[in-house]
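Subject: Handing over the model

Hi,

Here is the structure I promised you.

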Amino acid sequence: MGDHHHGPAKGLSRWLYTTNHKDIGTMYLWFSFAMFLLGGAFAMVIRAELFQPGMQLVEPGFFNQMTTLHGLVMVFGAIMPSFVGLANWLIPMMIGAPDMALPRMNNWSFWILPPAFLMLASTLLMEGGAPAFGWTFYAPLSTTYAPPSVTFFIFAIHILGVSSIMGSINIIATVMNMRAPGMTYMKMPLFVWTWLITAFLLVAVMPVLAGAVTMMLMDIHFGTSFFSAAGGGDPVLFQHIFWFFGHPEVYIIILPAFGVISQIIPAFSRKPLFGYASMVYATAGIAFLSFIVWAHHMYTVGMPVAGELFFMYATMLIAVPTGVKVFNWVTTMWRGAMTFETPMLFSIGFLVLFTIGGFTGLMLSIAPADFQYHDTYFVVAHFHYVMVAGAVFSMTAAVYFWLPKWTGRMYNETMGKVHFWVSFIGFNVTFFPQHFVGLAGMPRRIPDYALQFADFNMMSSIGAFIYGMSQLLFLYNVIAAIVSGEKVSDEKVWDGAEGLEWTLPSPAPYHTFETPPKLEEQPAY
């Protein structure tokens, strides 16, 4: 909104200075989509190199820079900010708040991101090249043997951590202090619940990541030996610190996606979400368990069998609350008056594919089996089924679902359905064969491979180019909707779906606010 002394802000200053949660949400969404295309471009380089065996396009060092930057940009630049943008747009409206609790901090938490990623991308142009140590940046590869650009990488990580912490504090403050009268915690839409819990996870683990990169900085520039065995340190310490952040992080990525699915499936099933309370408790249970499973990423470092057993059982336990969620979503659709608009297609695609990713995760949780799967393409297939089919599909569903509310205009439904089917097919052609080459022993993060893996890798690369192209269709559809889409009304958005609710909290809210509540009905607050 404009500065009230000088009239409404115009042009660039409107976006630079805005404290409006909708403007900030919009900027997060566009920024994250730009990062999605950048991270996708890095992935295209990877898949082009692996299209056939042998070394053709890029040097091995540059290939490793691509795998590193693809992971970092997708996780920290595309997925996380996109869900923060969603939170900014929707949480105030879902709880009846006028804006976020801390609007100026909201502005800053967005605007520090573009410089951070500009700096991260600029490492490609530095002497010695970009970091090539993988998105998990294990020491000592990321300390003793890293290029000079690692310092800029560390700074970028710090900045995005600060952004995440500020965004999370803002969400917690907003949800706890700004709910409308009658909007008790157990009446909040599920999306609000998932983000509230996610925000607590972020506040808990982002400082741990900051600690890890600060220790790296000290090892590189100040002569410490946190991660150097020669100086009495321990490289495995890095892995413990990293994964104590990194495992909750993957749930930070997926919980808001669960929230989105919990809004969309009830809407297109025309009935309230089945098992609202159990969904809230399941989300909290997943969040708690996410803190005590980190070392399942480290079965191969030689930990005691008792440690392996603990982390194995704790990891398997996460399947229980996750299963509760999947069964509740399916039960919501059961005997519903279902229609299959684009958001619903992406949500059902999420359900099927995320469940596959869950099962492969269960396989990886079994320590003796993981010795075989570890660092193969089976792991790559697993986490892309969770991150792409989980986070990206649900985010895409969210854009299609709420775009009419954001813009007042409708996207092209036919093009939306085409986008779904092309990306669904492209995704599965890309990542399903990777289960096979992984189980057959193909290692990940390597620019070449043995001849027996050639056919599946060619399939994988073709699928990746199809999936990548489908996102351009998505971009076109969104822009076309904004520029010249058919106008929608409050009453009607999707054909034959009059009165389709944007948010379906379950159970029903205390009252509808269409008529003023009688005095004796007002809750004591």
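Predicted model: local features only at pLDDT ≥ 70, side-chain atom pairs only at ≥ 80, totals over all residues.

Residues are numbered from 1 along each chain as its sequence is written, and side-chain values use heavy atoms, with hydrogens and water left out.

Overall shape

The protein has 16 helices and two strands; these are DSSP runs numbered from the N terminus (helices are H or I, at least four residues; strands are E, at least two). Its C-alpha atoms fill a box of roughly 75 × 50 × 50 Å along the principal axes. The radius of gyration is 23 Å, which agrees with the value near 24 Å that a compact globule of 525 residues would have. That radius is taken over C-alpha atoms, and the globule rule is 2.2 Å times the number of residues to the power 0.38.

The largest pocket

The largest pocket has a volume of about 1100 Å³. On a 1 Å grid over the protein atoms alone, a pocket is an open set of points with protein on both sides within 12 Å along at least five of seven lines, a cavity is a set where a 1.4 Å probe fits but cannot get out, and lining residues have an atom within 4 Å of a point. Grid points are joined across faces, edges and corners, and a volume is the space filled by probe spheres set on the points.

The pocket is lined by 41 residues, and those nearest its centre are His247, His296, Gly361, Leu364 and His382. Helix 8, helix 11 (319-333), helix 12 and helix 14 (377-407) are the elements that give two or more residues to this lining, and the largest share, nine residues, comes from helix 12. By class, the lining has 21 nonpolar, 16 polar and four charged residues. Here Ala, Val, Leu, Ile, Met, Phe, Trp, Tyr, Cys and Pro count as nonpolar, Asp, Glu, Lys and Arg as charged, and the others, Gly among them, as polar.

The cavities

There are two cavities of 30 Å³ or more. The largest cavity has a volume of about 80 Å³, and Tyr28, Phe76, Met80, Pro81, Val84, Leu113, Leu160, Ser163 and Ser164 line it. Helix 3 (60-95) provides the largest share of that lining, four residues. The classes come to seven nonpolar, two polar and no charged residues.

The second largest cavity holds about 40 Å³ of space. Among the residues lining it are Ile79, Met80, Phe83, Val84 and Trp195. Helix 3 gives the most here too, with four residues.

A helix pair

Helix 12 (residues 342-365) packs against helix 15 (residues 413-439) at an angle of about 10 degrees, with the axes 9 Å apart. Axes are lines fitted to C-alpha atoms, for helices over the stretch in contact, and angles run from 0 to 180 degrees between N-to-C directions. The two helices are therefore roughly parallel (angles under 35 degrees count as such).

Cheers

Definitions and conventions. Parallel < 35°, antiparallel > 145°, perpendicular 65-115°, else oblique.
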